Amino acid sequence: MFKESTKIKRIVGYLEDDLLQNNFSGYDPMTITHTPRYRKILLKSDILPAKIWNSLMDYAKRFLSPISIRLINPPILQYTKAIALTASGFSFLYRKTDIIHEKKYYLKMRIQLLDLLSSKRLPDSGLWGHDACYSIKGTRVTPDTPNLVTTVFAMNAYWDWYEATSDQEYLDLFCKLVLKCIEVFPINEHLGRLCISYTPNSLYFVHNANLLFADCLARVNSVSPLVKHKSLIDSLVCYSLTDFQRTGSFPYAGPPTPNDSFDNYHCGYVLRSLL
């Protein structure tokens, strides 16, 4: 057990050093298709057979090696989702340690990261967008568009620090933001079941976004007797569970906008929300 604990601390220390050295900035493989250099490369795609070309581009997107970074030149940004997950991670480490100077350090990082999160809220909605352009079913989405998954992870950072410190300010903000999501993101109906939209202007029934939000709403229900959204939570969960019965797994998106691709990454979000 001691060896495992020491190994985990060493890994966490390495990750912390890397984050601080890079000022919490990095790459997002899924946004590189919107970089100018990637689009220029696409113009030369007829040089190689389509199958080889697609394999090379897929590799470049999924594994940002130094070569593909130099080739495609994706933006280096402080991604909101990464900042939020780091803030949540520090809250877990804060609760785990009994060493006073470590607790002080994590409290200091809490202030820095939550302030940074707050500065990245969108002015109109007070929620969060993805920090680079991306596409939904071929439609370009810009960073000033609220993104439900990004928003959920940002909200959860406040919830995690509320649980770590019992600071009422974090709880109040979390509840306020979750209820704001109901105003901003359309809730769509399919065969009597509800699913919340990934963005305000896209009709896309994405399971991980739907269940991540249902989990947030359930947290609000658990701490606020005045908020009664149990029937909405039940319907959101029922929608995704019904699609599990249809496919035997959790595809990325369900009817009427099905995307039957599967991956452990998004399925992990789904399972985490259902726990």
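1. Strands β3 (residues 187-190) and β4 (residues 193-196) run antiparallel and are joined by 4 bridges. Strands here are DSSP runs of E of at least two residues, helices are runs of H or I of at least four, and both are numbered from the N terminus. Two strands pair if DSSP finds at least two bridges between them. H190 sits opposite R193 in β4. The β3-β4 hairpin has 2 residues between its strands, and L191 takes a positive phi near 50°.

2. On provenance: this is a predicted model, where local features need pLDDT of at least 70, side-chain atom pairs count only at pLDDT 80 or more, and totals for chains, interfaces and linings use all residues. Residues are numbered from 1 along each chain as its sequence is written, and side-chain values use heavy atoms, with hydrogens and water left out.

3. Helix α5 (residues 80-96) has 17 residues and reaches 25 Å from first C-alpha to last, close to the 24 Å expected at 1.5 Å a residue. That expected span is 1.5 Å times one less than the number of residues. Its buried residues include I83, A87, F90 and Y94. Buried means under 20% relative accessible area (1.4 Å probe, protein chains only).

4. H207 lies in helix α9 (residues 207-223). H207 is buried, at 0% relative accessibility. Beyond neighbours within four places in sequence, H207 is in contact with residues including Y239, D243, Y252 and V270. Contact means heavy atoms within 4.5 Å.

5. The disulfide count is 0. A disulfide needs a pair of cysteine sulfur atoms within 2.5 Å. For C216, the nearest cysteine sulfur, that of C181, is 7.5 Å away. C216 is buried, at 0% relative accessibility.

Terms used: Buried means under 20% relative accessible area, exposed over 50%, partly exposed in between (1.4 Å probe, protein chains only).
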